[in-house]
Amino acid sequence: MVKRVRKANLDGMDATAIFSSQTFRNAMARVPTAVHIVTTDGPHGRGGMTASAVCPVTDAPPTLLICLNRASRTNRLIKANGVLAVNTLRAEQHELSRAFAGQRGLSMDGRFGEAEWTTLSGSSPILTDGFAAFDCRVTEIKDIGSHSVIFAEIITLKMDAGASALVYADRRYQPPAL
C-alpha cells in the first residue's frame, strides 16, 4: 500500500512524500533500539516473544508502552492474563533473542528452557541475568493496524548496573556502546 503524506517544505525538499509500508519498515529498521523479551504467565498460560517496540510513558505512575503483533500467541495471552514483564536483554543474549523471535525452531517450553527465570511480585517470568526487568500489570490496550499498543504499569523492577544492553539496528545486533 502506498501512502501519501503532506509535510513541510524543508530546504527545498518536496512538499509531498510517497512511500510504501515496506519503505516505512526499512526506515524504522535503521533506528537503534534495545531488545526485550516480553513475557506473561497466569491462568491462561505462559508465553514470551522478542520485542523492540518498548518505551517509557510516564514516571507517575511508572508506565511502559509495548507494541506487539496482534497475531502473536503471546499478545493473546497478555490480554487474557492482564500481566506482563519486559526483560531487557544483555549484550551477549542475542541467541536468547533469536529463540524468542522464533528463529531457532524451539517450542515455547524450549525457549524458556534456554535461560533461568524467576518472578518478582507478579507471575510473569523474569530473567535472572537480564539487563533490566519490569514486572507490570496491563492498564490499557489499543489495537491499531497489525499491532496492539499495550500500556503497562510497572509494579516492580530490577536492574544490573554492570551490564550493557543488547541493541538492534539495520536488521542486526550491534556491538555494545563504548
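Modeller: Before we look around, one definition: two strands pair if DSSP finds at least two bridges between them. Helices (H or I, at least four residues) and strands (E, at least two) are DSSP runs, numbered from the N terminus. This is a predicted model, where local features need pLDDT of at least 70, side-chain atom pairs count only at pLDDT 80 or more, and totals for chains, interfaces and linings use all residues. Residues are numbered from 1 along each chain as its sequence is written, and side-chain values use heavy atoms, with hydrogens and water left out.

Colleague: Thanks! Which residue stands opposite alanine 169?

Modeller: In general, strands of a sheet pair through backbone hydrogen bonds, either parallel or antiparallel. Here, alanine 169 faces arginine 172 of E14. Strand E13 (residues 167–169) is joined to E14 by 3 bridges in the antiparallel sense.

Colleague: In what order do the strands of that open sheet run?

Modeller: The order is E3-E13-E14, 3 strands with antiparallel pairing. Strand E3 (33–34) and strand E14 (172–174) are the edges, each pairing on one side only.

Colleague: And how is glutamate 140 classed by accessibility?

Modeller: Buried means under 20% relative accessible area, exposed over 50%, and partly exposed in between (1.4 Å probe, protein chains only). Glutamate 140 counts as partly exposed because its relative accessibility is 48%. This glutamate 140 sits in strand E11 (residues 132–144).

Colleague: Which residues does glutamate 140 contact, beyond its neighbours within four places in sequence?

Modeller: Contact means heavy atoms within 4.5 Å. With those neighbours set aside, glutamate 140 touches Val149, Ile150 and Phe151.
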